[in-house]
Amino acid sequence: MTVTVGTNERQWLHNCFSSLTASDTTDLELDVMYVDNASTDGSIDDVRRFPQVDIIRNDTNLGFAAANNVALRHALNAGADYIFLVNPDTRTPTTLIRDLVDFMDRHPEYGIVGPLQYTYSDASDRLNEYNEWSKLALQCGEQHAFAADWKDHPSPAGPEEGRAPNTLEHAYVQGAALFVRSDALRTVGLFDEVFHTYYEETDLCRRTRWAGWRVALLLDLGIQHKGGGGAGNGRYRRIYMRRNRYYYLSTDVDWTPRNALRLAGRWLRKDFRGKSVGGQTTALRGTYETVLAIAWLCLQMPQIIERRRRHRHLVNLRPGPVGRRSAPAATTQESAR
């Protein structure tokens, strides 16, 4: 099943669903789903032109995490083996979905994979040049998610032994084109909806690794992705990226409390000066937005404690070296709240 969440992104929907519904599905049963996150630009009318696409309409904007969870629950209940999360501002090559399925069928030790991303074209789905996200992912390689701010922390990548060829175990697969095994979701749960938007896919990838699966980018597969999406830039992006980064770190059981506090201190010094991860602003606005983020984080403390408990449980599920797990068992389904 493919899942596309859109909020006022009508301009992209024709190319997105034209390419998805034209996929080569030989020997596959493909369901295509669109989740409309309270759009007001007529997106629903455009999607209705594709009778193959199932539509779910949310009355309010639930955010990326919760809106995807609506469709993920539907897919799991319907018995889907794999789910492909794909943004509206993408064009999918004809053979990509089949190639992703073939990879996962051959390599059951992988829980989440994704294609590299290429620049977007209105005219063709031909893959010409890496987009900015792919360039950055290839440059960073297999470092941990916060390597730019803290070098001395282990990479999340698994050992070389047991890897599939042409894979890069980057810190995460971006939610714009994320292909996940349903058994992995049944074990680690869905997106953590506290994130709302940003870092939710990074969190899902780390939980999947903690439970014993590999997570990787597939270097010989690709998809077009414009980037930017409905979340946009400005204050919205700064606030959610800033607060979610602290929430992500505070729920990461691989970081010692001492190092986590030191890293958070580095972030705070930048955030108060208005030089946040989500974009630059004035020192006054940066201070105000950072205080709001700290207050919000304090309110999440019960959730943080519970998440850390669940995350330790996932780590305990891991049966040994990553890559040696042949048929991961669906032991628990902890739906993200």
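A word on the model comes next. This is a predicted model, in which local features need pLDDT of at least 70 and side-chain atom pairs count only at pLDDT 80 or more, while totals for chains, interfaces and linings use all residues. Residues are numbered from 1 along each chain as its sequence is written, and side-chain values use heavy atoms, with hydrogens and water left out.

Now the overall form. The C-alpha trace spans about 55 × 45 × 35 Å along its principal axes. The chain has 337 residues, and a compact globule with that number would have a radius of gyration near 20 Å. The chain has 19 Å, which agrees. That radius is taken over C-alpha atoms, and the globule rule is 2.2 Å times the number of residues to the power 0.38.

The secondary structure comes to eleven helices and eleven strands. These are DSSP runs numbered from the N terminus: helices are H or I with at least four residues, strands are E with at least two. Contact here means heavy atoms within 4.5 Å. Among contacts between residues at least 6 apart in sequence, 77% join residues at least 24 apart. Asn316 lies in helix α11 (residues 301–317).

Go inside next. Buried residues make up 55% of the chain. Buried means under 20% relative accessible area, exposed means over 50%, and partly exposed is in between (1.4 Å probe, protein chains only). A nonpolar core is a set of buried Ala, Val, Leu, Ile, Met, Phe, Trp, Tyr and Cys residues joined through side-chain atoms within 4.5 Å. The largest such core has 39 residues. Within this core, Val3, Ile83, Ile112 and Leu185 touch the most other members. Helix α3 (residues 63–78) gives the most to this core, with seven residues. A second, separate core has 28 residues, including Leu20, Val32, Phe179 and Leu218. Look at Ile112 again. Leaving aside residues up to four places away in sequence, Ile112 touches several residues, among them Met104, Val173, Phe179, Leu204 and Val215. Arg214 is also one of the residues that Ile112 touches.

Side chains of opposite charge can pair when their charged atoms come close. A salt bridge is a side-chain nitrogen of Lys or Arg within 4 Å of a carboxyl oxygen of Asp or Glu. By this rule the count comes to 25. Which residue pairs with Arg214 in a salt bridge? Glu169 does, with the closest N and O atoms 2.4 Å apart. The pair links distant parts of the chain, 45 residues apart. Glu169 is in the loop between β7 (167–168) and β8 (177–181), and Arg214 is in strand β9 (residues 214–225). Both Glu169 and Arg214 are buried.

Asp46 and Arg49 form a salt bridge, with the closest N and O atoms 3.8 Å apart. Asp46 counts as buried because its relative accessible area is 13%. Arg49 counts as exposed, at 62%. Glu160 and Arg163 meet at 3.7 Å, N to O. Here Glu160 is exposed, at 61%, and Arg163 is buried, at 18%. There is also a network of salt bridges that links Asp149, Arg235, Arg238, Arg242, Arg245, Lys270, Asp271 and Glu289.

Two loops deserve a look at the backbone. Most residues other than glycine have a negative phi. Asn8 has a positive phi of about 55°. Asn8 is found in the loop between β1 (2–6) and α1 (10–21), and is partly exposed at 39% relative accessibility. Asp27 has a positive phi of about 65°. Asp27 sits in the loop between α1 and β2 (32–37), and counts as exposed because its relative accessibility is 79%.
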